[in-house]
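Subject: Structure handover

Hello,

Here is the structure we spoke about, with my notes on it below. Please read the notes with the model open.

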Amino acid sequence: MFELLGIPPQALFGQLLLGLINGSFYAILSLGLAVIFGLLNIINFTHGAQYMMGAFISWMLLNWLGIGYWPSLLLAPVVAGISGVIIERLFLQRLYHLDHLYGLLLTFGLALIIQGLFRNYFGSSGLPYQIPAELRGGQNLGFMFLPNYRAWVVVASLVVCLATWFVIEKTRLGAYLRAATENPTLTQAFGINVPLLITLTYGFGVGLAAFAGVLAAPIYSVNPNMGADLIIVVFAVVVIGGMGSILGAIVTGFGLGIIEGLTKVFYPEASATVIFIIMAIVLLVKPAGLFGRTA
Amino acid sequence: MTTFRMNRRSVLAGAAATAFSARSMAQAQQPITIRIGVLNDRSGLYADLTGEGSAIAARMAAEDFGAAAKGLNVQIVSADHQNKPDVGANIARQWYDNDAVDVIADVPTSSVALAVNQITREKNKIFLNSGAATSDLTGSQCSPNTVHWTYDTYMLSQGTGGAMVKAGGDTWFFLTADYAFGHALERDTTAVVQRQGGRVLGAVRTPFPGTDFSSFLLQAQASRAKVIGLANAGGDTVNSIKQAAEFGITAGGQKLAGLLVFVNDVHALGLQTAQGLVLTETFYWDLNDSTRAWSRRFAPQRAGNMPSMVQAGVYGSVLHYLKAVAATRSKDAAQAMTWMKGNETDDPLFGKGTIRADGRKMHPAYLFEVKKPSESKGPWDYYKLLATLPAEEAFRPLSANACPLVRA
């Protein structure tokens, strides 16, 4: 049997697949960030907390109201999205004319508050959430055992990412959005309600984060810090892909998941840093990111 | 200052003639103010098993001891070291230098604990460690100013590791949290496995804290080791166990050894996922009448959460320290340490015990198995007792200890 870099090919395929699964989370989260940054010019540091809220809302739906995984896949993003709309109306809309830094600080502060509240109420060690019965078990692919749930995560995130891309790039609504990004004043002059568009976009971005949170609930520990651990990596993904680039966010999300997965085999100690090394290199060579446009 | 202390000592010596008058004299004295700093993780993955719960345990120790009536004015302060050695070291210096803190208690996260251990020795204060695991605190890094109370990596490997090997798990692969604690736990467990004729097939160092362990678990699976040793803690352990079940690793016949699993982790996993895990602790709330009584007083202050062994250890160690100060009527670190090592410990949570010359607190360890959902009577009814390891078996014998205090 041949070996590639000292690793049997079976193991390598397995790790590639795992990288793809982790990449799914990066892709959905960085997509939400890219959509929000593209239209609102806000660097949404609350994103990690909103991802965490998605997981917690699905836990609450299950344990307090008896609503299972499948409905909460839709309900949790909606609830989180509404909270996003409230945040946008109350706070963010006052910051659009100011420097990026203000939005960043505000959303960062909000993230700390939200995490603190959840920690105070639920503690930090996390809550159990079972994999839905339909998706338990897995397939033996020969080179690895693929849990059904993980396969579902990849499919779900691919569908959501492509649908988002399609709506923004190929539909009339997306055209309005892009026009509002390009020139809000002119777009408003054509009778399009730009502030409403912005509010809903933020709500949608938050919903995406919460959707990722629901996907994560059965496999990762549902705890108040789950987003804080992830968000820094996701920001690196967005920077590598190019701030505000939809396609960039999706492609780099999956791509970096795979690179990280491979690092976990070849040099596990570096797997938490490899993305930042890539970020540094990309910023040196292509400051606008791989898919970004230079302003 | 010196003359004052001399005076006070002579007063005490005179008063010792009759027990009754000694007590009334002590009460008449100026109260001694003791400031205890509870330093731990208040916001991260160890916040539930240490955190505010440990501060509550310290306060309960002061109340139960009746410190005020014995002429001790005990103040409890607390801070968050965020599991970062630099942050922890800064707080410790600040506390000792500017805030008149006499004792630092708890300090989970071995890397932080080793830093605080060093600083406490420099400043000649007292360090009552409960939360950290590394056996180096009473080994190569041992200090005359440190007591290591609750557990350590040697004991964990002895308990859980020993039990797994005895049950036929003679080939191991480790998932090791990449910092002082994980390394120490892997090292100590490897020693136990090899001593009993087992083999270690490999290990992978995982970044701390981590979320996705599937890649590491797959490497462990590929090693075909009979036992996958989880040399990690808190959220890392919870995620590893959850994902091991998901990837069919446990169903495939490999066994997980959760080398450090706290009752809070079992709560987070749920019995469905955690059932059957074998683990070692030195305290469980439902162990006997006095642990139950204490825990029922503790839980309402922590939103119904039962205490972890770390929080219990903070209670036990603070109580013993207060006894030392009340007896010696001095905050002098050397005097208090001498008293603490010279007198038997006795508290409702760990029973009677001793503190050895190297700073190790000696008490039994318990090998538990996590109950099946059908066996559990309700929330927090999680463990059944498999075996009790006497202190001498659970902890590293002095003869095998690298601690310079012991050799001297």
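A polar contact here is a pair of N or O atoms within 3.5 Å; within protein, one of the two must be able to donate a hydrogen and the other to accept it, and residues adjacent in sequence count only if both atoms belong to side chains. By that rule, 17 residue pairs are in polar contact across the interface of chain A and chain B, with both residues of each pair at pLDDT 80 or more. The pLDDT condition applies because this is a predicted model.

The interface

I start with the contact between the chains. Chain A contributes 35 residues to the contact and chain B contributes 32. About 2500 Å² is buried between them, and carbon and sulfur atoms give 52% of that area. Of the area that chain A buries against chain B, 20% is supplied by Ser125(A), Tyr220(A) and Lys264(A), more than any other three residues.

The count of salt bridges between chain A and chain B is three. Arg150(A) forms a salt bridge with Glu246(B), where the closest N and O atoms are 2.8 Å apart.

Which elements of chain A supply at least two residues each to the side that touches chain B? They are helix H1 (9-40), helix H4 (100-122), strand S2 (145-147), helix H5 (148-170) and helix H10 (246-266) of chain A. The largest share comes from H1(A), with four residues. By residue class, this side of chain A divides into 18 nonpolar, 12 polar and five charged residues.

The parallel sheet in chain B

Four strands of chain B form an open sheet with parallel pairing, in the order S7-S6-S8-S9. Its edge strands are S7 (199-206) and S9 (255-258) of chain B, each of which pairs on one side only. From one strand to the next the twist averages 20°.

Strand S6 (residues 171-177) and strand S8 (residues 227-231) of chain B pair in the parallel sense over five bridges. In this pairing, Trp172(B) stands opposite Val227(B) in S8(B).

Two helices of chain B go with this sheet. Helix H7 (residues 180-195) of chain B lies across S6, S7 and S8 of chain B and runs at about 165° to S6(B). Helix H9 (residues 234-246) of chain B packs on the sheet and touches S6, S8 and S9 of chain B, its direction making about 155° with that of S8(B).

The antiparallel sheet in chain B

Chain B also has an open sheet of three strands, in the order S11-S12-S13, with antiparallel pairing. Here the edge strands are S11 (345-347) and S13 (361-362) of chain B, and each pairs on one side only. S11(B) and strand S12 (residues 351-355) of chain B pair over three bridges in the antiparallel sense. Asp346(B) stands opposite Lys352(B) in S12(B). Helix H13 (residues 309-328) of chain B lies across S11 and S12 of chain B, running at about 120° to S11(B).

Backbone points to check

Most residues other than glycine have a negative phi, and most peptide bonds are trans. Two places in chain B are listed here with that in mind.

- Phe208(B) and Pro209(B) are joined by a cis peptide bond, with omega of about -15°. Pro209(B) is in the loop between S7 and helix H8 (214-222) of chain B.
- Ala100(B) is not a glycine, yet has a positive phi of about 55°. The residue Ala100(B) lies in the loop between helix H4 (85-98) and strand S3 (103-106) of chain B.

Regards

Technical notes: Residues are numbered from 1 along each chain as its sequence is written. Chains are lettered from A and ligands numbered from 1 in the order in which they are written. This is a predicted model: local features need pLDDT of at least 70, side-chain atom pairs count only at pLDDT 80 or more; totals for chains, interfaces and linings use all residues. Side-chain values use heavy atoms; hydrogens and water are left out. Two strands pair if DSSP finds at least two bridges between them. Axes are lines fitted to C-alpha atoms, for helices over the stretch in contact, and angles run from 0 to 180 degrees between N-to-C directions. Contact means heavy atoms within 4.5 Å. Buried area is the accessible area (1.4 Å probe) that two parts lose on being put together, summed over both. A salt bridge is a side-chain nitrogen of Lys or Arg within 4 Å of a carboxyl oxygen of Asp or Glu. Ala, Val, Leu, Ile, Met, Phe, Trp, Tyr, Cys and Pro count as nonpolar, Asp, Glu, Lys and Arg as charged, and the others, Gly among them, as polar.
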